[in-house]
Every structure is written in C-alpha cells, then in structure tokens.
Amino acid sequence: MLPDQPVPKAPIQRCAWNEGLSDGTRFRVRAARATDERAVHELLYAISRESAYQRYFSVRASHPRSEVLAFLDTDPRSCALVAERSSDSTIIGIARYDLDAASGMGELGIIVRDDYRHRGVGTALIHRLLEVGLAHEMKGLRAEVLVGNAGMMALLRRFGPLEVSSADAGVHSVDLLIEGRSRLPRSAA
Ligand SMILES: CC(C)(COP(=O)(O)OP(=O)(O)OC[C@H]1O[C@@H](n2cnc3c(N)ncnc32)[C@H](O)[C@@H]1OP(=O)(O)O)[C@@H](O)C(=O)NCCC(=O)NCCS
C-alpha cells in the first residue's frame, strides 16, 4: 500500500465533501488515509475521559497504536471518514463503519472532539457514511450506545426512526435502517 493511499478502496477513496459548522467555519469530510495516523492519535488523546467512555465503554488512560490502525484499516467493505478543519487540516472528528456481511449492517463508531460538539460535525460524518453505505448496498447503521448517551441517540434520530434493543449490560444496540431509501434526510448543517 502506498503511504498516503486512502481507505477504503475505490470508489470511496477519492470522496471529499466541503461542509460548514453552524458558525460558518469550514471543514471537510473525507476518506481517511494511512497518513492520518498521527492526527487521529492526537484526536484520541484530545477527547475527554467521558467521551472515551461513551465510545469504548471503559476508562482509557492510553490509546495504543493498534487502535488507530484499526480505525485506518483498509478493509474494502468498511468506510473510515475524518472531519478536518479546512484552515489547517486539524482532525476534529472521525467515524467508521464495518460491514457485517451476515446482517448487511454497518457497525458504527464515531467521535467528535469535545470542543467541536453541537456544531454539526457528527451530523456531517453520519450523513456521508450513510451516503457511502447506500451506494454500497448497506442496509443501515448499527451502533452500540451506552444507556444515557442522549447525544448519540439524538444524532442518529436525525436520520430516521431507530430500532433500539433493550439494554444489555448498560448498552443498547441501535439500528438505523436505510435499505430502499433513495434520499437521506439531514436536518442539520
Ligand atoms: C455523539 C457525538 C458523535 C455527536 O457529535 P456532534 O458533532 O455533537 O453532533 P451534532 O453537532 O451533529 O449534533 C447533532 C444533534 O445531536 C444532539 N446532540 C449532540 N450531542 C448531544 C448531547 N451531548 N446531548 C444531547 N443532545 C446532543 C443535538 O440534537 C444535536 O443538535 P443541536 O446541537 O443542533 O441541538 C459526540 O457527542 C461524541 O463524539 N460523543 C462521544 C463519543 C460517542 O458517544 N460515540 C457514540 C458511540 S459509537
């Protein structure tokens, strides 16, 4: 693989979308690249303990390289996106789905930097993941969401009705189905 080869593979690799925060600041959502390793690592160390807990369901004192490489993994059935500030390319959010072949659902992970919350970054990342997934016959996104993570539930609800499992060990499995849809709603931006 070339050092700056984007993931996942064609036709997603050249994807990039210009977006705007609610205050007008410009940012880009684009396919993650192997060369994002350091910036993604920095993002993981920049997020609060609470955010890390909401994402990983455990307190994390460190984020090993393997975690970053897993995010940047080049499996062609997956899609990894980053949101980067247009002015200086700082990464302010990351999102990825891994397609579960049996269910056709994309298993979602997303983190937005704490100081960029409530400004539309999460909405933009999910919107673009869904667009990519829709083009690749993904049936929907599935997220493991900690009970009480109102932010994540509200974010997913923006894109349609959810199927929410009863909580197991404090975690809901939440399905957002897109199969058969020709358009994706997007209530923010
Ligand atoms: C969940 C998360 C990705 C949302 O990202 P975001 O960039 O703030 O999302 P948006 O700005 O696009 O917000 C979309 C809507 O979600 C809702 N929302 C977002 N965060 C919220 C919170 N903490 N509490 C309540 N509602 C929230 C709001 O309705 C918001 O719209 P509004 O701010 O215009 O009212 C972000 O809070 C995060 O990274 N959390 C930690 C990691 C995590 O929980 N991941 C989910 C498990 S994979």
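This is a predicted model: local features need pLDDT of at least 70, side-chain atom pairs count only at pLDDT 80 or more; totals for chains, interfaces and linings use all residues.
**Group meeting: the ligand shell and what lies behind it**

Helix H2 (49–56), strand S5 (105–112), helix H4 (121–135), strand S6 (140–146) and helix H5 (150–157) each give at least two residues to the shell around the ligand.

The shell first. There are 24 residues around the ligand, and those that come nearest are Gln54, Gly122, Thr123, Gly151 and Ala154. Sorted by class, the shell holds twelve nonpolar, nine polar and three charged residues.

Now the chain as a whole. The protein chain has five helices and eight strands. Read from the N terminus, their order is β-β-α-α-α-β-β-β-α-β-α-β-β. The chain has 189 residues, of which 33% count as buried. If we take contacts between residues at least 6 apart in sequence, 66% of them join residues at least 24 apart.

Next, the strands. Strand S3 (residues 78–85) pairs with S4 in the antiparallel sense, over seven bridges. One of the residues involved is Ala80, whose bridge partner in S4 is Arg96. The hairpin of S3 and S4 has five residues between the strands, and Ser89 there takes a positive phi near 65°.

S4 also runs antiparallel to S5, and eight bridges join the two. Here Ile94 has Ile111 in S5 as its bridge partner. This second hairpin has four residues between S4 and S5, and in its turn Gly104 has a positive phi of about 80°.

So what does that leave for S4: is strand S4 largely enclosed or largely open? Eight of its ten residues, within 91–100, are buried, so S4 is largely enclosed by the rest of the structure.

In soluble globular proteins, nonpolar side chains tend to be buried together. The largest nonpolar core here has 43 residues. The members that touch the most other members are Leu81, Ala83, Ile94, Leu125, Ile126, Leu129 and Leu141. Take Ile126 as an example. Which residues is Ile126 in contact with, leaving aside its neighbours within four places in sequence? They are Ala95, Ile110, Leu155 and Phe159.

Leu155 takes us to H5, where the buried residues are Met152, Leu155 and Leu156. These three cover an arc of only 95° around the axis, which puts them on the same side of H5. On the other side of H5, Ala150 and Ala154 are exposed. Recall that Ala154 is also among the residues that come nearest to the ligand. As for the buried residues of H5, they pack against H4, S6, strand S7 (162–164) and strand S8 (171–177).

Last, a loop residue. Ser22 sits in the loop between strand S1 (16–20) and strand S2 (26–31). Why does Ser22 count as exposed? Because it has 12 C-beta neighbours inside 10 Å, and a residue with 12 or fewer is exposed.

Notes:
Residues are numbered from 1 along each chain as its sequence is written. A residue is near a molecule or strand if its C-beta atom, placed from the backbone, lies within 6 Å of it. Ala, Val, Leu, Ile, Met, Phe, Trp, Tyr, Cys and Pro count as nonpolar, Asp, Glu, Lys and Arg as charged, and the others, Gly among them, as polar. A nonpolar core is a set of buried Ala, Val, Leu, Ile, Met, Phe, Trp, Tyr and Cys residues joined through C-beta atoms within 7 Å. A residue is buried if 20 or more other C-beta atoms lie within 10 Å of its own, exposed if 12 or fewer, and partly exposed in between; C-beta atoms are placed from the backbone. Two residues are in contact if their C-beta atoms, placed from the backbone, lie within 7 Å. Two strands pair if DSSP finds at least two bridges between them. The arc is that of the directions from the helix axis to the C-beta atoms.
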